[in-house]
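Subject: Structure for you to look through

Hello,

Here is the structure I said I would pass on. Please open it beside this message, and my notes follow below.

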Amino acid sequence: MSQQRFLYRLSEEIKRNFPSSMHDLVVVLPNKRAKVFLLEQLKQFYDQSVFAPSIISVEELVQDIAQLRGIDSIELLFEFYHVYKNQVGEQAEDFDYFVNWARMLLQDFNEVDRYLLNPTHVFSYLKDIEDINHWAVNVDQQTDLIKNYLQFWEQIPLYYTALYEYLKSKKIGYQGMIYREAVAGHQDFLKTKDNQYYFAGFNALNAAEEVIIQHFLVEGRARVFWDIDAVFLHDPYHDAGLFLRRIKKQWPYYENHPFEWITTHFSEEKNIEIIQTPKSVGQAKIVGGVIEQALAKGTALDQIAVVLGDENLLQPVLYGLPHTVSSLNITMGYSGNSSPVQLFLNKVFKMHLAAVRRGGKQYVFYYRDVLEVLTSPVMEGLFAVDTVVSEIQKKNLTFFSFDRFESWIEGSDTEEKRLVFDAWSDKDPAAILKGLIALIILVKNRLAVDSQQNRLMKTFLFTTYNLLNRLLSYCEKYPFIHSIELLHVLYKQIMDMSEVSFEGDPLEGLQIMGILESRVLDFDTVIVTSVNEGKFPSGKTQQSFIPYDVKRELGLPTYKEKDAIYSFHFYHLLLRAKQVYLIYNSQAEGIDAGEKSRFLAQLEMEKQAAHHLTNVTYSAYLPDKAYAPISIGKSEELMEKLKEIATVKGFSPSALTAYLRNPLQFYVQQVLRIREVEEVEESVALNTLGTIIHNALENLYQPYVGQVLDVGMIKAIQQVADEEVQKQFEEIYNSDKEKMGKNLLAFEVAKRNVYHFLREELSGLEQGDQVELLALETRLEHVLEDSRLPYPIKLFGFVDRIESRNGTIRVIDYKSGKVEANQVKLSQWEGLTTHLKNDKIIQLLCYALMYADQKNLETLEAGIYSFKNRREGFLFFGVREGRTVDHAITPSVLTAFRDELIELILLILDPETPFVETI
């Protein structure tokens with residue numbers, strides 16, 4: 001380690017003052033992490049074995065003085081709730097409402113205690129402010145809402161006092177309370193100790209810390225080693241030196257003693273590269289490239305530090321590291337909100353909470369909740385889910401009970417499946433948590449031992465396992481946690497505050513850390529990400545009942561002090577570094593946007609003479625065109641495939657019109673045989689509704705195929721029509737008997753469409769139409785042979801209905817969408833098969849061509865019945881001749897169509913014409 005490093009200099013000072021024994025020395029550092037580095041440094045100064053000094057954090061020292069055990073924020077909420085219920089009795093709110101304001105109030109209690117303010121004065125001051133804000137000429141005119149609101153402010157001092165005394169009686173406390181008690185007892189504490197105290201690397205101290213450290217100094221029992229550069233200390237406007245300027249000026253001790261240590265390292269030569277790139281993922285890519293360059297230049301891996309301004313970049317950075325990084329150490333908290341295991345449990349909670357809230361006789365899940373759980377990465381390898389996912393999608397199961405999947409549950413991996421899907425309605429919170437803990441253990445046992453990816457997953461699993469056990473201990477300790485709703489509230493509270501800790505050797509390899517973990521440490525090469533406003537510094541946040549102006553008046557820290565803390569940490573990173581890379585997100589708009597940090601502007605404006613600043617822009621490659629249509633050339637293999645389709649399977653009218661719509665769609669669906677992903681339809685899609693109507697009409701008319709229809713037959717069909725629509729709805733869309741919302745409307749639409757169709761049929765018969773039903777849902781085929789074609793082409797299609805009405809053969813196609821009369825009228829034959837607008841004509845004439853060939857017909861008609869255009873009735877194909885329209889499809893019409901159809905097929909089969917995407 002370089003001799004100019006802070007810990008090296010501190011170790012040198014310790015050796016000078018404690019040459020042979022350090023057992024009386026206590027070194028107090030800002031965090032626990034620096035302890036390992038200090039011990040490693042001390043080894044270089046002692047040739048013989050000695051006992052190491054006691055190295056503790058300032059929180060540990062304060063707890064030792066106060067003789068109170070610190071408790072976490074969740075346990076503190078529970079203890080506060082206990083006190084709160086004792087104070088207000090039956091008027092107490094439920095815990096899930098209480099927690100919304102209690103967390104903020106506890107933060108204010110903490111601040112008031114850390115800065116040794118009189119709580120009665122502070123909270124009565126707030127009460128007076130609220131009285132003024134809700135002032136009324138006549139106090140009697142105050143509403144109950146205002147009275148209750150003002151009463152809350154009156155109660156705050158009582159809450160504070162009761163909580164303070166209650167916690168003190170249990171020998172526990174929150175941070176601020178422990179500090180206040182430490183200040184009350186620090187003089188007696190010092191009298192009972194013979195130790196010397198070295199405070200090293202501190203910057204911003206709260207009022208309690210200042211009182212304690214100053215007393216230690218005055219008594220000659222301590223030394224304080226600051227680490228501040230002259231540039232920051234002597235500049236009255238530089239935020240990095242804000243706190244130490246105050247301390248140097250205001251502490252009486254420094255009137256007669258030197259201020260240790262003021263360095264000049266910031267002014268030394270440095271290469272600072274300011275890199276801008278759009279989006280966060282771009283930063284992760286750049287980090288990997290920078291590390292690779294540094295290693296290529298011979299920089300030692302343990303002298304490179306990556307400081308992440310945004311913890312969510314951790315995983316992208318890890319995946320972007322070069323293979324030359326043989327070892328690394330992560331010393332930063334990774335938010336539990338981003339842990340895949342905790343996100344998975346959140347989905348499990350969401351799925352069961354919705355089922356419990358739904359109530360009813362059965363325990364019913366919502367399909368989206370189930371699919372989110374089944375497709376989670378955590379479930380991978382736990383049990384096979386394809387059967388259930390496929391069943392849900394095929395049968396459009398929107399709301400369902402897992403009773404229908406009982407055979408799947410009992411088939412294999414029964415324990416795992418039951419842990420996920422067994423009902424929570426009859427379980428208490430403790431039983432639910434035990435089930436989730438068992439599930440986490442099963443997931444862990446299924447993971448492969450040596451996989452690098454699984455090591456990360458096991459870290460997430462272990463953190464979640466500890467979190468659930470902690471929550472279980474709370475459930476067993478505090479009886480008011482009795483509902484699933486409250487359990488979920490607590491789970492979210494703990495998850496929000498939890499952090500995933502990664503284990504590693506801090507003395508080896510690449511160092512990846514957060515900004516707070518970098519205190520008192522120095523590195524040759526420093527890479528800082530997310531140097532944007534909102535990250536460096538973190539920005540304004542007002543999670544407090546105490547207004548900004550009151551905080552300023554009382555001496556409590558505001559966002560100004562918070563910014564100064566970030567400023568100190570940021571500049572301390574640069575203090576002794578030789579090579580610095582500062583990366584920021586240049587995307588100014590959108591979700592993942594950022595604004596350049598003020599620290600970067602400050603570096604440029606207040607540039608030191610020896611600093612070499614360069615600005616680099618990394619951006620993604622921008623092609624000349626935003627998007628080029630996909631083009632698929634026709635290879636020999638593809639031509640063989642087209643021949644196979646054309647001669648064996650055949651072309652259907654819908655396939656031919658698909659080519660007109662988008663040649664690439666034709667290629668994907670007809671050649672590659674790729675279909676769209678099947679998804680659950682929460683509400684009936686138009687094509688599904690059409691299938692329901694088609695099938696219902698087919699089944700209703702099926703008994704009368706080959707017969708001449710009469711009024712009695714149609715009336716008989718009308719009697720069972722609704723029942724048939726119900727049956728088709730359950731078979732094709734969803735088997736649930738109950739229909740709600742949009743599905744109920746769709747069901748009624750289907751019934752009305754069938755009703756109107758039958759009514760028109762009946763009206764025609766009553767007016768004397770002679771109708772013979774020839775066929776329903778019939779497959780038609782035709783082989784197209786012509787000298788212009790390379791080989792015979794097979795055509796096929798399914799026609800919905802063929803009838804003879806008043807002696808004319810009619811081929812009819814049902815359409816659930818809207819079709820206008822002019823869409824089936826033709827003005828000229830030329831170019832018929834080159835325009836998509838003619839798709840309905842092409843379809844009808846294909847059916848006519850196939851049926852006429854099959855039955856040797858001289859003349860027939862072909863038309864569409866549009867359920868969304870019932871007023872126009874049957875829409876028949878016709879050729880415009882002046883003002884008249886001829887609906888008869890004669891051999892001459894079919895010959896003209898045949899020529900146009902051959903042109904289209906030749907285009908599809910042309911080896912020189914690629915399949916080009918239509919945009």
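In these notes, buried means under 20% relative accessible area, exposed means over 50%, and partly exposed is in between (1.4 Å probe, protein chains only). By that scale cysteine 846, with a relative accessible area of 2%, is buried. Cysteine 475 is buried as well, at 10%. A disulfide is a covalent bond between the sulfur atoms of two cysteines. The structure holds zero disulfides, where a disulfide is counted as a pair of cysteine sulfur atoms within 2.5 Å.

The model is predicted: local features need pLDDT of at least 70, side-chain atom pairs count only at pLDDT 80 or more, and totals for chains, interfaces and linings use all residues. Residues are numbered from 1 along each chain as its sequence is written, and side-chain values use heavy atoms, with hydrogens and water left out.

Salt bridges

Side chains of opposite charge can pair when their charged atoms come close. A salt bridge here is a side-chain nitrogen of Lys or Arg within 4 Å of a carboxyl oxygen of Asp or Glu. The structure holds 41 salt bridges. One of them joins glutamate 13 and arginine 16, at 2.5 Å from N to O. Both residues sit in helix H1 (residues 6–17), three residues apart, which is about one turn of the helix. Helices (H or I, at least four residues) and strands (E, at least two) are DSSP runs, numbered from the N terminus. Glutamate 13 is buried at 11%, whereas arginine 16 is exposed at 52%.

Aspartate 239 pairs with lysine 560, and their closest N and O atoms are 3.2 Å apart. Aspartate 239 is in the loop between helix H10 (230–234) and helix H11 (242–250), and lysine 560 is in helix H23 (residues 559–575), so this pair ties together parts that are 321 residues apart in sequence. Lysine 560 is partly exposed, at 37%.

Two helices in contact

How do H7 and H8 cross? The axes of helix H7 (residues 144–169) and helix H8 (residues 175–191) come within 11 Å and cross at roughly 70 degrees. Axes are lines fitted to C-alpha atoms, for helices over the stretch in contact, and angles run from 0 to 180 degrees between N-to-C directions. H7 and H8 are therefore roughly perpendicular to each other; angles under 35 degrees count as roughly parallel, over 145 as roughly antiparallel, 65 to 115 as roughly perpendicular and the rest as oblique. On H7 the contact is made by Tyr160, Tyr164, Leu167 and Lys168, and on H8 by Met177, Arg180 and Glu181. Contact means heavy atoms within 4.5 Å.

Loop residues

Methionine 332 is placed in the loop between strand S11 (328–331) and strand S12 (334–335). Methionine 332 is buried, at 7%. Leaving out residues up to four places away in sequence, methionine 332 touches several others, including Leu308, Val500 and Phe502.

Valine 520 has a positive phi of about 65 degrees although it is not a glycine. This valine 520 is buried, at 3%. Lysine 279 also is not a glycine and has a positive phi, of about 70 degrees. Lysine 279 is partly exposed, at 33%.

The peptide bond from phenylalanine 536 to proline 537 is cis, with omega near -10 degrees. From glutamate 260 to tryptophan 261 the peptide bond is cis too, with omega near -15 degrees.

Regards
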